[in-house]
Amino acid sequence: MLDANKAREELKDILETREYQIYHNNTKGLMETLWEKAKQWIAEQLLKLFPSIESASSASGPILIAIIIVVIILLAMAAFFMMRTISRNKMLRNKKPLQSMKEINWSYQRHLIEAKKQEDLTEYTLSTRHLFLALLLYFHEKNWLEARIWKTNWEYYEELRKVNQQWAVQFYDLAAFFDEVTYGERKVQKDEYLQFQTEVRKLLGEHEQTLERLGEST
């Protein structure tokens, strides 16, 4: 007990020493200086964005803090989406969706049937795979791209972009989800699968309608 009291007294003496107080004050002063500079910088940016503001530097501390928080959140979101895009692009460039001759030899209709079978078994990961392969082989049958085991989804995207930019963008989004599920060990939830299924079937339906209109006009 005496040692504990002695330790507390020694700590109190240290905290009350002139050297510690100077260090504490200097550190506090440095933080205040950095904070003031940060506020000044934000105020200057506000003046550039909103010239009608008479004096951005006169903005209250809470407002500036709120602005800083918003900026940090926006930067964090931008960084997240940037990293996500980079990761998706890397995956699309490296991964090959067709893994066997069996998969490439099936018709897109057969992949659709297998997707429904797996869906009924609540095997949404497998169903997602067959839905995507159905779309890929549908494009292949229409000669909009050339399906090969050694090709990546990025190569298919580039081929499809030469045919139709909008279709290529839709394919890119579906391929990114497919790759995350297939290679990213992402467990597909039912609502995610249903949304993916809707997009695939909508894309197949739109193409069929386009072909029908083209046939009627010729």
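Predicted model: local features only at pLDDT ≥ 70, side-chain atom pairs only at ≥ 80, totals over all residues.
Biologist: At what angle do the axes of helix 5 and helix 6 cross?

Modeller: Helices (H or I, at least four residues) are DSSP runs numbered from the N terminus. Axes are lines fitted to C-alpha atoms over the stretch in contact, and angles run from 0 to 180 degrees between N-to-C directions. Here the axes of helix 5 and helix 6 cross at roughly 165° and come within 8 Å. That makes helix 5 roughly antiparallel to helix 6, a label for angles over 145 degrees.

Biologist: Which hand does the crossing of helix 5 and helix 6 have?

Modeller: A crossing is left-handed if the near helix is turned anticlockwise from the far one by less than a right angle, and right-handed if clockwise. Helix 5 passes helix 6 in a left-handed crossing.

Biologist: Which residues of helix 5 and helix 6 meet?

Modeller: Contact means heavy atoms within 4.5 Å. Among the residues that meet are Tyr 108, Leu 112 and Ala 115 in helix 5, and Leu 131, Ala 134 and Tyr 138 in helix 6. For classes, Ala, Val, Leu, Ile, Met, Phe, Trp, Tyr, Cys and Pro count as nonpolar, Asp, Glu, Lys and Arg as charged, and the others, Gly among them, as polar. The contact of helix 5 with helix 6 has 10 nonpolar, five polar and three charged residues.

Biologist: How do helix 6 and helix 8 pack?

Modeller: Their axes lie 10 Å apart at an angle of about 145°, and helix 6 passes helix 8 in a left-handed crossing. Residues in this contact include Phe 132 and Leu 136 of helix 6, with Phe 171 and Phe 178 of helix 8. By class, the contact of helix 6 with helix 8 has 10 nonpolar, three polar and one charged.

Biologist: What is the angle between helix 7 and helix 8?

Modeller: The axes of helix 7 and helix 8 cross at roughly 165° and come within 7 Å. That makes helix 7 roughly antiparallel to helix 8. The crossing is right-handed.

Biologist: Which residues other than glycine have a positive phi?

Modeller: Most residues other than glycine have a negative phi. Thr 122 has a positive phi of about 60° and lies in the loop between helix 5 and helix 6. Asn 143 has phi near 65° and is found in the loop between helix 6 and helix 7.

Biologist: What lines the largest pocket?

Modeller: On a 1 Å grid over the protein atoms alone, a pocket is an open set of points where a 1.4 Å probe fits, with protein on both sides within 12 Å along at least five of seven lines; lining residues have an atom within 4 Å of a point. The largest pocket is lined by 12 residues, with Asp 173, Leu 174, Gln 195, Phe 196 and Glu 199 nearest its centre. Helix 9 gives the most to this lining, with seven residues. The lining divides into four nonpolar, two polar and six charged residues.

Conventions:
Residues numbered from 1 in each chain as written. Heavy atoms only, no water. Helix = DSSP H or I, 4+ residues; strand = E, 2+ residues; numbered from the N terminus. Parallel < 35°, antiparallel > 145°, perpendicular 65-115°, else oblique.
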